[in-house]
Structure formats: C-alpha cells, structure tokens
Amino acid sequence: MTIGKKIAGGFGIALASVAILVGLSYWSIQDLLETNRIVARIYEASESLETTYSLLKDVATGHRGFLLAEDKQFLQPYDDALPELAKARKQLDILIEDPNQQQRLSELDALIKLRLDFIRENLEIAKSTEKGKGFAAAIAIIKSGKGEDQMVNVRKKVNEIESAEMKLLNDRQ
C-alpha cells in the first residue's frame, strides 16, 4: 500500500467519523428540541389546569356573593369567569395530547358541567319569587354541602391530570 493510499484511507476514516458525529449531533439536537417542546407543553397544560380551576372558583365566588348580598353586582366575577373558563378549557384540548389524559379531561368536563349546572339552578332559585324559592331557599341548598363536594371532585380530577402530566414528563427525561 502506497503512502498516498494510506493518506486517502486516513482522510476517508476521518471524514466518515465526522459524518457519524454530525449525524449523532443532529439526532441529539432533534431529540432535545422535542423534549423541550414536550416540557413546555406540559408546563403550559399545568398552568391552564390551574387557570381552569381558579376560574371555576371565581364563578363560585360570584354566586356566593350574590346570594349573601342579594345584589346583582356581586355576579360580576361569575359573569366574567364563564367565557374565560370556556377558553381555558379549549386550551387544554390543544395542550394535552395523551389519549388517557384526553379521557381524564372528558371526566373533568363532566364535573365542571355538574358544578356550573348546580350554580345556574341555584341562581334561578335565588332569583325566583315563587313560594319555597328565593334567596333563603338557595342558601339552604348551599348549606347542604353539595356544591363543596362538587368542587372537591373537580380539584381531585385536576390533581390527577397534573400528576399524570408530570409522570409523562418524568418518563420522557
């Protein structure tokens, strides 16, 4: 083997090594970018879950304020939170990709709907002038604890979804 062939062979090996390193670096960078995208999405989902729960609390705050004060101005947090709650919930559909998590979101939706229906019905009772209805009847229903139980169930489902998202994050790392 001549020196020229040895030099050419050496350059060939060096070139192949560089090509392999470039390929591995590219793959590593792509994996890092995907992991970064997933991490960002999971943190956004967690924030959106907390926003959803907070807005549901705002709805409940407006409801209770109205019942206690018997003044429609106290419904402002309720009125403001409802459209924002719908937006936050739609954002979760975009952010949460896992099919199991989508199932949990459906369960969360059902719990939120129960809570909102309860509040709407209770507000109708409070506003009614029919016998057996009105503010006293609405407050008596609240004192039964049904609404609080609904909020506890929503909080549990939010925690379950957040825990599953963090598990997905840990599994990715």
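What follows is a conversation about reading a predicted model, feature by feature.

Colleague: Let's start inside. Which residues of the largest nonpolar core touch the most other members?

Modeller: This core has 32 residues, and those touching the most other members are Leu56, Phe66, Leu108, Ile119 and Val154. Two or more residues come from each of α1 (3-69), α2 (76-95), α3 (99-127), α4 (135-143) and α5 (146-172).

Colleague: Now the packing of helices. How should I read that, and what is the angle between α2 and α3?

Modeller: The general idea is that two packed helices are described by the angle between their axes and by the distance between those axes. Here α2 and α3 pack at about 170°, and their axes are 11 Å apart. Angles over 145 degrees count as roughly antiparallel, so that is how α2 and α3 run relative to each other.

Colleague: Which residues meet there?

Modeller: From α2 come Tyr78, Leu82, Leu85, Arg89, Leu92 and Asp93. They meet Gln102, Leu105, Asp109, Ile112, Leu116, Ile119, Arg120 and Leu123 of α3. Sorted by class, this contact has nine nonpolar, one polar and four charged residues.

Colleague: And α3 with α4: at what angle do the axes cross?

Modeller: The crossing is at roughly 150°, and the axes of α3 and α4 come within 7 Å. That makes this pair of helices roughly antiparallel. On the α3 side the contact uses Phe118, Asn122, Ile125 and Ala126, while α4 brings Phe135, Ala137, Ala138, Ile141 and Ile142. Eight residues of this contact are nonpolar, one is polar and none is charged.

Colleague: How many aromatic pairs does the structure hold, and how do I read a pair?

Modeller: A pair of aromatic rings is described by the distance of the centres and the angle of the planes. This structure holds one such pair. The ring centres of phenylalanine 66 and phenylalanine 135 are 5.2 Å apart with the planes at 55°, so the pair is tilted.

Colleague: In which helices do phenylalanine 66 and phenylalanine 135 lie, and are they buried or exposed?

Modeller: Phenylalanine 66 is in helix α1 and phenylalanine 135 in helix α4, so the pair ties together parts 69 residues apart in sequence. Both residues are buried. Beyond its neighbours within four places in sequence, phenylalanine 66 is in contact with Asp71, Lys72, Phe74, Leu75, Leu123, Ala126, Lys127 and Phe135.

Colleague: What does serine 48 contact, apart from its neighbours within four places in sequence?

Modeller: Ala88, Gln91, Leu92 and Leu95 are its contacts. Serine 48, also in helix α1, is buried at 8% relative accessible area.

Colleague: One backbone matter: where is glutamate 70 found, and what is its phi?

Modeller: Most residues other than glycine have a negative phi. Glutamate 70 is not a glycine, yet its phi is positive, about 55°. This glutamate 70 is found in the loop between α1 and α2.

Definitions and conventions:
Residues are numbered from 1 along each chain as its sequence is written. This is a predicted model: local features need pLDDT of at least 70, side-chain atom pairs count only at pLDDT 80 or more; totals for chains, interfaces and linings use all residues. Side-chain values use heavy atoms; hydrogens and water are left out. A nonpolar core is a set of buried Ala, Val, Leu, Ile, Met, Phe, Trp, Tyr and Cys residues joined through side-chain atoms within 4.5 Å. Buried means under 20% relative accessible area, exposed over 50%, partly exposed in between (1.4 Å probe, protein chains only). Helices (H or I, at least four residues) and strands (E, at least two) are DSSP runs, numbered from the N terminus. Contact means heavy atoms within 4.5 Å. Axes are lines fitted to C-alpha atoms, for helices over the stretch in contact, and angles run from 0 to 180 degrees between N-to-C directions. Angles under 35 degrees count as roughly parallel, over 145 as roughly antiparallel, 65 to 115 as roughly perpendicular and the rest as oblique. Ala, Val, Leu, Ile, Met, Phe, Trp, Tyr, Cys and Pro count as nonpolar, Asp, Glu, Lys and Arg as charged, and the others, Gly among them, as polar. Rings of Phe, Tyr and Trp (its six-membered ring) pair if their centres lie within 6.5 Å; planes under 30 degrees apart count as stacked, over 60 as edge-to-face and the rest as tilted.
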